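Biologist: I am new to this structure and would like a close look at one part of it. Please take the part I ask about and then carry on from there.

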Amino acid sequence: MPTPVIRNIDWAVAWDEGAKRQVYRRGVDLAFEGNQIRFVGTGYAGAADRTIDGKDCFVLPGLIDVHSHPEHEPAYRGIREEHGLPGMYMSGLFERSQAYAANDDAFRGASAEFAYCELLRSGVTSLVDISPAWDGWADLMARSGLRSFLAPGFASARWRLENDHTLKYAWDEARGKARFEAALEVIDAAGKHPSGRLSGVVSPSQIDTCTESLLRDARAAARDRKLPFTVHCAQGVNEVQEMIQRHGLTSVQWAHALGLLEPGTILGHALFIDTHSWIRWHTKRDLAILAESGCAVAHCPSPFVRYGHVMESLGDYLRAGVTIGIGTDVSPHNLVEEMRKAATLGRVAARDIRAVSTSDVLHAATVGGATALMRDDLGRLAPGKKADVVIVDLKHLHMMPARDPLRSFVYHAADRAVRDVFVDGQQVVAGGKVLTMDQQDAAERLTEAQRRMMATVPEHDYLKRSADQITPLSLPVGS
């Protein structure tokens with residue numbers, strides 16, 4: 001088997017099993033054989049068929065993205081950033097979902113390929129891709145080199161708008177059941193893929209768009225397969241109000257009542273819990289439910305902060321014992337940027353610089369994500385773990401001076417300093433360039449796909465408006 005070794009690493013983030021935390025180590029060697037790490041320590045004396053000089057390198061475990069939508073989010077570039085409705089508590093999610101949509105598999109392929117390149121270049125090695133199933137999806141994920149968790153979505157209803165302040169639902173339970181069965185076929189096939197890097201996540205789309213029976217059946221299917229389960233939950237004020245109206249329970253409480261919350265469950269966002277200032281429901285027990293159930297929360301700061309929403313607060317979730325992973329959710333698919341926002345916005349929400357530390361967000365982006373996915377072989381540089389490795393250039397100008405390389409990486413350099421990435425022992429990024437896909441070509445195809453999507457907006461919008469009417473340019477076009 002190929003046995004690369006990185007020798008005399010200036011700075012490495014290694015897993016301390018005794019302390020159950022990430023620590024710095026200096027002057028160490030890292031060797032991996034096949035798809036597993038073989039050695040982390042000083043003076044590696046074993047066989048090696050490739051030696052990488054660790055001087056001026058910061059080496060860390062591959063990052064884990066537990067929540068993303070690559071098949072359409074890159075096409076929202078220039079559309080989503082300032083789109084929101086005051087009548088929907090500033091969210092643009094429901095209007096945008098109805099008016100803008102990926103309309104063919106060529107669109108989805110271009111969008112996904114572009115996003116996968118962004119992810120790899122920011123040091124992501126494991127990805128949960130929550131998308132409608134489409135032809136060519138698994139093959140593209142395999143070609144990307146990512147460790148891929150396919151999460152094909154399904155639901156009993158679609159959101160429907162007739163005005164800018166009322167959320168309605170178009171129900172089709174038979175369609176939801178059929179999509180569920182089709183999703184299980186995709187998931188089962190992923191687990192048999194010859195790459196060995198594909199797996200599945202059972203993913204009913206939203207807590208408010210799925211019937212009780214569909215949610216219970218989906219959770220049971222994940223449990224039977226020993227796979228993770230994910231659902232969007234407590235992601236919008238309208239959604240939480242709808243759940244209270246239907247059941248007298250918040251979204252988190254309804255998920256708990258159905259038996260959905262347990263280790264292996266990942267709640268997409270879980271931001272609007274009962275104590276949140278935009279909710280202020282009387283119960284004040286959602287956070288305890290999240291912690292005591294053992295479920296995980298996929299924290300994605302970017303989509304919410306664009307609307308003026310923040311988690312209140314990340315530090316409270318962590319201190320309560322909630323497992324936190326980090327996701328990208330929107331474009332750009334840059335997990336390091338999400339780590340930075342998670343830390344800084346957590347301090348803003350708490351009004352306390354001590355509320356969230358840099359080590360907290362690194363843990364969430366590595367070990368937290370691995371725990372959420374029930375994969376203790378990921379997110380750690382230690383013997384026996386998967387060889388998912390990121391090398392950051394300490395001589396990159398945005399890393400210097402690198403007194404504390406993790407801070408330089410998270411707060412300053414981000415993806416710009418990522419030099420090399422290995423997934424499952426195979427190099428997929430070299431010198432900052434993705435080796436498995438062509439991002440420039442994907443960008444050209446994505447640009448054309450966005451034009452096609454925008455042309456169909458009047459057919460779907462409840463007021464028959466054009467894309468430019470819904471989301472005007474940020475500046476007027478002068479003569």
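Are helices H4 and H5 roughly parallel or roughly perpendicular to each other, and why?

Modeller: A caution to begin with: this is a predicted model. Helix H4 covers residues 173-191 and helix H5 covers residues 212-225. Their axes cross at roughly 15 degrees and come within 11 Å. An angle under 35 degrees counts as roughly parallel, and H4 and H5 are therefore roughly parallel to each other. The crossing in which H4 passes H5 is right-handed. On the H4 side, the residues in contact are Gly 176, Phe 180, Leu 184 and Asp 188. On the H5 side, they are Leu 214, Asp 217, Ala 218, Ala 221 and Arg 225. By class, this contact of H4 with H5 has five nonpolar residues, three charged ones and one polar one.

Helix H11 (residues 335-350) packs against helix H13 (residues 405-413) with the axes 8 Å apart and an angle of about 90 degrees. Angles of 65 to 115 degrees count as roughly perpendicular, so H11 and H13 are roughly perpendicular to each other. H11 brings Val 336, Met 339, Arg 340, Ala 343, Thr 344 and Arg 347 to the contact. H13 meets them with Phe 409, Val 410, Tyr 411 and His 412. The residues of the contact of H11 with H13 divide into six nonpolar, two polar and two charged.

Ser 293 lies in helix H8, which spans residues 286-293. Its relative accessibility is 14%. Buried means under 20%, so Ser 293 counts as buried. A polar atom of the Ser 293 side chain lies 3.3 Å from the backbone nitrogen of Cys 295. Leaving aside residues up to four places away in sequence, Ser 293 touches Leu 261, Glu 262 and Pro 263.

Asp 56 and Lys 395 are 339 residues apart along the chain, yet their C-alpha atoms are separated by 6.3 Å. Lys 395 is also one of the residues that Asp 56 touches, when residues up to four places away in sequence are not counted.

Terms used
Residues numbered from 1 in each chain as written. Predicted model: local features only at pLDDT ≥ 70, side-chain atom pairs only at ≥ 80, totals over all residues. Heavy atoms only, no water. Axes fitted to C-alpha atoms, helices over the stretch in contact; angles between N-to-C directions. Helix = DSSP H or I, 4+ residues; strand = E, 2+ residues; numbered from the N terminus. Parallel < 35°, antiparallel > 145°, perpendicular 65-115°, else oblique. Left-handed = near helix turned anticlockwise from the far one by under 90°. Contact = heavy atoms within 4.5 Å. Nonpolar A, V, L, I, M, F, W, Y, C, P; charged D, E, K, R; others polar. Buried < 20%, exposed > 50% of the residue type's maximum accessible area, 1.4 Å probe, protein only. Polar contact = N/O pair within 3.5 Å; in protein donor to acceptor, adjacent residues only side chain to side chain.
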